[in-house]
Amino acid sequence: MNKLNAEALTKMSPKLTKLCGEYLTSDEKSYIFPLLVEWAGSEDKAVNWFLDEKIPSCGNITALELCESKQTDLLIRFIHHIELGGFS
């Protein structure tokens, strides 16, 4: 797991931090933010994914909706699954 401190995360991914930082722990942010930005190609695209892309294996809701419904553990498991080469 890639560990970044809160200040580095905010500088690296200010839009993601603003969007969903309140729902995730520092460890969770340091794990998923770099992956999402890398996979999406930019922070803006990662934000769009977080807001708009429905995740079939997570009840067909968005990553933000998972966070808002206090299901961040499900989001983290999904991201980890994809990181290991799984399908959504």
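The legends below describe close-up views of a predicted model of one protein.

View 1. The protein has 6 helices and 0 strands, and from the N terminus on its elements follow the order α-α-α-α-α-α. Of its 88 residues, 36% count as buried. If we take the contacts between residues at least 6 apart in sequence, 48% of them join residues that are at least 24 apart.

**View 2. The packing of helix H3 against helix H4.** Helix H3 spans residues 26–40 and helix H4 spans residues 43–52, and the two pack at an angle of about 105°, with their axes 8 Å apart. Because angles of 65 to 115 degrees count as roughly perpendicular, H3 is described as roughly perpendicular to H4. On the side of H3 the contact is made by Ile32, Leu36, Val37 and Ala40, while H4 brings Glu43, Lys45, Ala46, Trp49 and Phe50 to it.

View 3. Which residues of H4 are buried? They are Glu43, Ala46, Val47 and Phe50, and because they cover an arc of only 100° around the axis, they lie on the same side of H4. On the other side of H4, Lys45 and Asp52 are exposed. Asn48 is also found in helix H4, and its relative accessible area of 42% makes it partly exposed, since that class lies between the limits of 20% for buried and 50% for exposed. The C-alpha atoms of Asn48 and Leu16 are separated by 9.8 Å, although these two residues are 32 residues apart along the chain.

**View 4. The largest nonpolar core and Ile32.** The largest nonpolar core holds 21 residues, and the members that touch the most other members are Ile32, Phe50, Ile55, Leu75 and Ile79. The elements giving two or more residues to this core are helix H2 (14–20), H3, H4, helix H5 (63–68) and helix H6 (72–83), and the largest share, 5 residues, comes from H3. When its neighbours within four places in sequence are left aside, Ile32 is in contact with Leu24, Phe50, Leu75, Ile76 and Ile79.

View 5. Apart from neighbours within four places in sequence, Leu35 is in contact with Ile79 and Glu83. From C-alpha to C-alpha, Leu35 and Ala46 are 9.3 Å apart in space, and along the sequence they are 11 residues apart.

**View 6. Thr62 in the loop between H4 and H5.** Thr62 belongs to the loop between H4 and H5, and because its relative accessibility is 4%, Thr62 counts as buried. Not counting residues up to four places away in sequence, Thr62 touches Phe50, Leu51, Asp52, Glu53, Lys54 and Ile55. Two of these contact residues, Phe50 and Ile55, are also named among the members of the largest nonpolar core that touch the most other members.

Methods. Residues are numbered from 1 along each chain as its sequence is written. This is a predicted model: local features need pLDDT of at least 70, side-chain atom pairs count only at pLDDT 80 or more; totals for chains, interfaces and linings use all residues. Side-chain values use heavy atoms; hydrogens and water are left out. Axes are lines fitted to C-alpha atoms, for helices over the stretch in contact, and angles run from 0 to 180 degrees between N-to-C directions. Helices (H or I, at least four residues) and strands (E, at least two) are DSSP runs, numbered from the N terminus. Angles under 35 degrees count as roughly parallel, over 145 as roughly antiparallel, 65 to 115 as roughly perpendicular and the rest as oblique. Contact means heavy atoms within 4.5 Å. Buried means under 20% relative accessible area, exposed over 50%, partly exposed in between (1.4 Å probe, protein chains only). The arc is that of the directions from the helix axis to the C-beta atoms. A nonpolar core is a set of buried Ala, Val, Leu, Ile, Met, Phe, Trp, Tyr and Cys residues joined through side-chain atoms within 4.5 Å.
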